[in-house]
Amino acid sequence: MSNSRTLAPFDPMDPLGLDSQLSEDERDVRDTVRKFCAEHVTPYVADWFEAGDLPTARELAKEFGKLGVLGMHLEGYGCAGAGAVHYGLACLELEAADSGIRSMVSVQGSLAMYAIWANGSEEQKQEWLPRMAAGEAIGCFGLTEPDSGSDPGSMTTTARRDGTDWVLNGRKMWITNGSIADVAVVWASTEDGVRGFVVPTDTPGFSAPKIKHKLSLRASVTSELVLDDVRLPGSAMLPKAKGLSGPLGCLSEARYGIIWGAIGSARSAWQAALEYAQQRTQFGKPIAGFQLTQAKLVDMAVELHKGLLLSLHLGRQKDTVGLRPEQVSFGKLNNTREALGICRTARSILGGNGISLEYPVIRHMVNLETVLTYEGTAEIHQLVLGQAFTGHNAFRG
């Protein structure tokens, strides 16, 4: 049976026609965040990256609050209650600007806010979530430690009872937003297992020195958290989180955003490589006219849009029946790994210009080295899936 419908022209920016699979509302969210980033982030982010700072973090947080992207996938307490695909598209556009910007929003909404939203008391939710959704209060999430990353069960941060209070001691490492946070969600070992605590950062004994000399996520605030006899009332504990399922559930929420975000970095690098190849002339013609360059551009585009298709599928799944942690691992493993490969190939197309911050490629490339590692390294996600496929736990040799 012949098909008499007229096909739309081939769109190099949307070769699979995925735009048609998005609702008008989803496209509006995407376009709004893209426009915001084009005006408020992209013109300045190379300078922030080079300086190793995000000097406008607090101002950006308030603007993101007005935009409605902070905790946008949560319901109530000033949050937008948006769908998973809406949130994913926002993450994609934020990370197309810079991974550090997406990390700031992701840590605020999917780690700190989600931890309180899912596990907190009503008093904790009322106290913090509306201000955090508005960007008036910034949060961070303290799980990783200097000697405890992939194995959070080995954490050495402790919380002990002292009368009706809790006293926290320990250190957390690689904490996004730490030095600018108003509140920290800190996970600690207690006699009753791992528990979470809502820690106002002006509490005596709490400090968050900024981590310097990092060469990735430079347009982002990354900190150490130091807890030296931090005394909290009994009401500071998250009542609904007991054991590692509490922090790991938060990480699953944040990893979902990374699935989309990594594709944003890859898209930015691919578009830069395509534009450069069409303009750069060697041996009398644009390098886009050479077979090897075309092969690179095509392979990059195939992986980019496969990753976008995977993101959309997982988003639809999350919006309907929910996602298993193994499915989140599948997406995070594939999309971060492929996005990093796309950025590396884009760097090669730009040649020497590929290492210049005049182009976004090297910035995305080194940022993705961190995105590949945090919230579960590629190897950890391989082991999660390995156990799911084989039934054998290989985490401990």
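**Exercise 1. The lining of the largest cavity**

Task: Determine how many nonpolar, polar and charged residues the lining of the largest cavity has, and describe this cavity in the predicted model.

Solution. 
Step 1. Sorted by class, the lining of the largest cavity comprises five nonpolar residues, two polar residues and no charged residues.
Step 2. The residues concerned are A61, L70, M104, V105, Q108, I138 and N177.
Step 3. Helix 5, which spans residues 99-119, provides the largest share of this lining, namely three residues.
Step 4. The space within the largest cavity amounts to about 40 Å³. When the whole structure is searched, one cavity of 30 Å³ or more is found.

**Exercise 2. The second largest pocket**

Solution. 
Step 1. At least two lining residues come from each of the following: helix 1, helix 2 (42-51), helix 4 (84-97), helix 7 (245-279) and helix 8 (291-320).

**Exercise 3. Helix 1 and its two partners**

Task: Decide whether helix 1 is roughly parallel or roughly antiparallel to helix 3, and do likewise for helix 1 and helix 4.

Solution. 
Step 1. Two packed helices are described by the angle between their axes and by the distance between those axes.
Step 2. For helix 1 (residues 24-40) and helix 3 (residues 57-67), the packing angle is about 155° and the axes lie 12 Å apart. Angles over 145 degrees count as roughly antiparallel, so helix 1 is roughly antiparallel to helix 3.
Step 3. The crossing of helix 1 with helix 3 is right-handed. T32, V33, F36 and H40 of helix 1 make the contact with L60, E63, F64 and L67 of helix 3. Among the residues of this contact, five are nonpolar, two are polar and one is charged.
Step 4. For helix 1 and helix 4, the angle is about 20° and the axes are 9 Å apart. Angles under 35 degrees count as roughly parallel; helix 1 and helix 4 are therefore roughly parallel to each other.
Step 5. Helix 1 also passes helix 4 in a right-handed crossing. On the side of helix 1 the contact involves D25, E26, V29, R30, V33, R34 and C37, and on the side of helix 4 it involves V85, H86, L89, A90, E93, L94 and A97. This contact has eight nonpolar residues, one polar residue and five charged residues.

**Exercise 4. Helix 4 and helix 7**

Task: Explain why helix 4 is described as oblique to helix 7, and list the residues that make the contact.

Solution. 
Step 1. Helix 4 and helix 7 pack at an angle of about 40°, and their axes are 7 Å apart.
Step 2. This angle makes helix 4 oblique to helix 7.
Step 3. Helix 4 and helix 7 cross in a right-handed sense.
Step 4. Helix 4 contributes A84, V85, Y87, G88, L89, C91, L92, E93, E95 and A96 to the contact, while helix 7 contributes Y256, G257, W260, G261, A262, I263, G264, S265, R267 and S268.
Step 5. By class, these contact residues are eleven nonpolar, six polar and three charged.

Definitions and conventions
Residues numbered from 1 in each chain as written. Predicted model: local features only at pLDDT ≥ 70, side-chain atom pairs only at ≥ 80, totals over all residues. Heavy atoms only, no water. Axes fitted to C-alpha atoms, helices over the stretch in contact; angles between N-to-C directions. Helix = DSSP H or I, 4+ residues; strand = E, 2+ residues; numbered from the N terminus. Parallel < 35°, antiparallel > 145°, perpendicular 65-115°, else oblique. Left-handed = near helix turned anticlockwise from the far one by under 90°. Contact = heavy atoms within 4.5 Å. Nonpolar A, V, L, I, M, F, W, Y, C, P; charged D, E, K, R; others polar. 1 Å grid on protein atoms, 1.4 Å probe; cavity = no way out; pocket = protein on both sides within 12 Å on 5 of 7 lines; lining within 4 Å. Points joined across faces, edges and corners; volume = space filled by probe spheres on them.
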